[in-house]
Amino acid sequence: TGAIGLYNIGQSCCLNSLLQVFLMNIHFTGILRRITVPPHAVQKRKNVPYQMLLLLEEMQCGKQKAVSPIDLAHCLSVYKVKLFVQHDAAQLFLTLWNLIKRQMKNPELAGKLSDLYTICVQEHVACQKCFSETKRNSSMLTLPLPVLDSNSHMLKTLEDCLQCFFHPEELTDQNMCFCEQCGRKTPFLQSMKLVHLPQTLTIHLKRFCFEKSAYIHKLSHYLPFPQDLDFNALLTKNQCQADDNEKAAWQYELFAVVAHSGSTNCGHYCAYIRSLTECKWYCFNDSEVCQVSWDDVKCTYGHSNLHWGQTAYLLIYMKKHPQ
């Protein structure tokens, strides 16, 4: 089935969970299998895509229930990815992805990797005095969705989080911007419009937030997310800057959940992943892998009173292909 565990080599649960999400994605492994093998032993030890490919082959060819990611972890340590420390899954995902892309020497493969994961948005900033507007396209690897609204009230659904992210923001008082047309600082309206969504869409639920004391606080409240996600039904025309062909493909189904349990200082990660070949859900908890149900995945919705309960932190959706 390809559902093989990864031994915890010392606080490596975050790395293990992300590796499972990468390596269970057949679109990603299709790119990984085409990389150019580095010619020298030293280069092989330092090449992240090659070490991931070795780990994938060991997972698929071995008969044991779990394998060790120690060689890949040592490879990552060369690039200042620390071993034996707690990582934040959203930050580590970005670090891993950028290392993989940077070390893919084939421009075609690097382009395919970007196409597979990159989200494109258009930022709009409009002066509220003269109404002059500037637009700027930008790319991101995750949609960082707030789980609290502007008044610090808990958002109740993933759809609410998306609406909050794309809701225009007024820049007033100390946040005013300089307007070249007006020649002075004026109130502005800032908004984000969706231009393109990739095959593999990663959503980051911002459950860790800074309080005024600079203490990082975890938000564990109940926040359901659907198995199927249709962005056409969720966003208004004003929140999109895409043609009809692009929007027709904005139909998604849930592929994986990276869940966090515990506190900010003492926590644990695991991954729930739907096998794309079997259409069955598995829980990858370091070396332990077991088949689970959708009800088990829903247990990651969160609960304010369950301090050690699992809470979804990264949601990975896969684009549906038309039948």
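Reply: The account below begins with the model and the chain as a whole, turns to the sheet, and then visits other parts of the chain.

This is a predicted model, in which local features need pLDDT of at least 70 and side-chain atom pairs count only at pLDDT 80 or more, whereas totals for chains, interfaces and linings use all residues. Residues are numbered from 1 along each chain as its sequence is written, and side-chain values use heavy atoms, with hydrogens and water left out.

Of the 323 residues, 48% count as buried. Buried means under 20% relative accessible area, exposed means over 50%, and partly exposed lies in between, with a 1.4 Å probe and protein chains only. Among contacts with a separation of 6 or more, 66% are between residues 24 or more positions apart, a contact being heavy atoms within 4.5 Å.

The sheet itself is open and consists of four strands in the order β4-β3-β9-β6, with antiparallel pairing. Strands β4 and β6 (169-171) stand at its edges, each with a single partner strand, so one side of each has no neighbour in the sheet. From one strand to the next, the twist averages 30 degrees; the axes are lines fitted to C-alpha atoms, for helices over the stretch in contact, and angles run from 0 to 180 degrees between N-to-C directions. Two strands are said to pair if DSSP finds at least two bridges between them.

Strand β3 (residues 119-127) is mostly covered, eight of its nine residues being buried. With β4 (residues 133-140), β3 pairs in the antiparallel sense over eight bridges. Within this pairing, C120 has S139 of β4 as its bridge partner, and A126 stands opposite E133. The hairpin of β3 and β4 has five residues between the strands, and F131 takes a positive phi near 65 degrees there.

Strand β3 is also joined to β9 (residues 188-196) by eight bridges, and these two strands run antiparallel. Here Q122 has K193 of β9 as its bridge partner. Leaving aside neighbours within four places in sequence, V195 is in contact with C120, V121, Q122, Q241, A242, E246 and W250. V195 and N137 are 58 residues apart in sequence, yet 8.5 Å apart in space from C-alpha to C-alpha.

Strand β14 (residues 251-262) pairs with β15 in the antiparallel sense over seven bridges, and the two form a hairpin with four residues between them. In this pairing, V258 stands opposite A271. Strand β15 also pairs with β16 (residues 281-285), again in the antiparallel sense, over four bridges, and Y282 of β16 is the bridge partner of I273. The hairpin of β15 and β16 has six residues between the strands, and in it C279 takes a positive phi near 60 degrees.

T300 lies in the loop between α11 (294-298) and β18 (311-319). At 0% relative accessibility, T300 counts as buried. Beyond its neighbours within four places in sequence, T300 is in contact with F225, V257, A259, Y272, Q310, T311 and A312.

Among the helices, α6 (residues 89-102) has 14 residues and reaches 20 Å from its first C-alpha to its last, close to the 20 Å expected at 1.5 Å a residue; the expected span is 1.5 Å times one less than the number of residues. Its buried residues are A89, A90, L92, F93, L96, W97, L99 and I100. D88 caps the N-terminal end of α6, with a side-chain oxygen 3.0 Å from the backbone nitrogen of A90.

Conventions: A polar contact is a pair of N or O atoms within 3.5 Å; within protein, one must be able to donate a hydrogen and the other to accept it, and residues adjacent in sequence count only if both atoms are side-chain atoms.
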